[in-house]
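Please look over the sequence and the structure shown below before reading on. The briefing that follows takes up a few topics in turn.

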Amino acid sequence: MRVGIVGVGQTPFGKLSDSSSRELVADAFREALSDAGLARKDISTLIVCSGSQYDRQRSPAGIMAEYVGLNPTPTLHVEAACASSGVGVRVGWSMIQAGLHDTVAVVGFQKMTELDAAEIQDVMSRSGDVMWESPFGPTMPAYYAMHARAHMKRYGTTEEQFALVSVKNHKYGATNPLAMFKKEITVEDVLKSRVVASPLKLLDCCANADGAACVIMAGEKFARKTTDNPVWIAGLGLASSPMSLTGRSEFASFECSVHAVKQAYKMAKVTARDLDVAEVHDSFTSAEIIDYEDLGFCRKGMGGKLIQDEQTSIGGRIPVNVDGGLLAKGHPVGATGASHIISIVKQLRNQAGPNQVPKANVGLAHNIGGIGMYAVCTVLRAT
Amino acid sequence: MGFEKFGFISFSSQTKVAKFVDYLQDGKIYGTKCKECGRLQFPPRAHCNRCLSSKYEWEELSGDCTLITFTKVEASPAAFKEQSPYVIGLAEFVEGPKVFAWMDKSISEGEVTIGMKLKLKSSKLPNGNLSYTLFRTETEHD
């Protein structure tokens with residue numbers, strides 16, 4: 001049985017200091033219900049997705065289900081760092097396939113700007129192995145910077161090529177009303193921004209943000225009854241890599257991405273060449289270039305050339321992150337996966353506005369969780 | 001010594017492999033070697049990564065390693081501000097396993113290159129805690 005996405009909703013992403021996490025979730029959920037033309041009684045399960053410890057509410061599924069009025073509906077929390085809501089969609093798909101539930105609402109959220117900077121930094125410095133890495137004060141940029149350096153060493157990728165990713169994504173973010181950063185930037189802006197963890201500079205990095213995004217899924221029969229243009233989930237992939245860097249053998253690639261996308265392509269019976277549009281994990285500019293290679297958009301080491309040749313812009317071989325990506329949208333950790341999926345859904349419904357990829361029929365949404373211990377892939381198709 | 005004594009800031013204190021810290025106090029770097037399948041692990045583990053056995057013995061490492069990648073952290077977490085900026089290196093021991101640690105501040109930024117030979121040594125921190133640090137290897141002259 002095919003599973004389709006019948007409704008989507010998302011809040012703006014940014015420093016939303018007038019909103020609590022439950023209010024953001026309610027906004028996104030309500031919009032998705034309205035988009036699907038469904039009522040709350042039609043939702044069989046609420047899957048709540050978020051990264052841990054960015055705000056003080058424990059066991060968030062509990063408060064979210066209550067706040068949107070879904071008791072006694074089943075609810076649960078899915079956490080896989082930045083891959084949380086991508087994994088939530090996988091879980092929802094499985095429940096529908098198993099015949100356990102008819103319609104599942106997956107809502108990803110994160111509230112990252114409420115705790116003060118020192119508290120958030122402490123949380124983020126414990127993103128890796130808390131016993132053997134956290135005592136050395138690694139930051140999220142530090143982990144990705146180490147991968148960036150390995151890629152530069154092996155393939156000669158340059159900081160200018162990394163900067164092109166930020167320029168492209170900010171350009172597309174400028175026309176996305178939900179994006180945190182709506183100003184275009186130049187390569188020089190990126191290169192002049194202050195070093196955060198060498199070689200990554202401020203404009204090579206995504207920003208912490210608040211936000212929520214909701215995807216409502218249903219089995220084929222119900223999906224076709226509900227909407228004229230369900231977007232079908234054609235392929236899924238999920239894989240893990242060692243969390244600690246000492247456990248890994250590859251640093252110019254995220255091996256979990258390679259495994260996850262292989263599963264998704266196989267299940268969807270597609271290859272990278274069949275994709276019309278993609279949303280990939282660009283928590284850092286260097287990550288997007290590595291993603292191009294891991295996801296099969298080009299050969300290993302050719303990621304820098306791919307962006308330099310503008311092949312990942314609209315009009316190029318494979319438009320990537322033309323909603324602004326994490327770099328321009330902001331990165332509310334738990335909401336990002338669903339947001340990527342929503343952008344692909346809009347592309348496949350021909351509702352992407354100024355950044356529409358013409359005739360988009362097959363799309364990929366990809367996320368890496370945290371410092372590279374999870375990768376989740378979803379292949380979607382319009383027909 | 002307890003594991004809370006490991007690292008500039010320690011976030012955990014309870015582990016079966018706390019003896020590691022005693023070895024650091026003695027100026028030595030130790031890994032664990034599985035008695036069932038022979039796998040050598042660093043950092044030390046109470047369960048073999050290859051066969052899951054908990055029958056292991058402690059084995060000293062030479063500390064000799066090669067730099068795989070690194071980064072200089074300029075924007076550090078609040079708790080590490082006084083130490084900042086610091087260079088985190090990932091290196092591979094000649095014996096096989098890898099290590100994630102600070103590079104000693106005596107190594108200048110210009111000197112750091114992927115592939116350089118380093119020596120991991122136990123280090124005592126100002127707050128009385130123990131850690132390990134990547135140093136330049138001694139040259140023949142020293």
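In chain A, 35 residues of domain 1 are in contact with 33 residues of domain 2, where two residues count as in contact if their C-beta atoms, placed from the backbone, lie within 7 Å. This is a predicted model, in which local features need pLDDT of at least 70 and side-chain atom pairs count only at pLDDT 80 or more, while totals for chains, interfaces and linings use all residues. Residues are numbered from 1 along each chain as its sequence is written, and chains are lettered from A and ligands numbered from 1 in the order in which they are written.

- Domain 1 of chain A covers 3–116 + 209–231 and domain 2 of chain A covers 131–203 + 234–381, with bounds that come from an automatic or database domain assignment.
- Between the C-alpha centres of domain 1 and domain 2 of chain A there is a distance of 23 Å.
- On the side of domain 1 of chain A that touches domain 2 of chain A, the elements giving two or more residues are β1 (3–10), α3 (84–97), β4 (103–110) and β7 (211–219) of chain A; helices (H or I, at least four residues) and strands (E, at least two) are DSSP runs, numbered from the N terminus.
- The largest share of that side, seven residues, is given by α3(A).
- That side of domain 1 of chain A holds 22 nonpolar, 11 polar and two charged residues, where Ala, Val, Leu, Ile, Met, Phe, Trp, Tyr, Cys and Pro count as nonpolar, Asp, Glu, Lys and Arg as charged, and the others, Gly among them, as polar.

**Where chain A meets chain B**

- The contact between the chains takes 28 residues from chain A and 34 residues from chain B.
- On the chain B side, β4 (64–73), β5 (86–93) and β6 (98–103) each give two or more residues, and the largest share, six residues, comes from β4(B).

**A sheet in chain B**

- Three strands of chain B form an open sheet in the order β2-β1-β3, with antiparallel pairing; two strands pair if DSSP finds at least two bridges between them.
- Because β2 (40–41) and β3 (56–60) of chain B stand at the edges, each with a single partner strand, one side of each is left without a neighbour in the sheet.

**One loop residue in chain A**

- A:Ile314 lies in the loop between α11 (303–308) and α12 (325–329) of chain A.
- A:Ile314 counts as partly exposed because it has 18 C-beta neighbours inside 10 Å; a residue is buried if 20 or more other C-beta atoms, placed from the backbone, lie within 10 Å of its own, exposed if 12 or fewer, and partly exposed in between.
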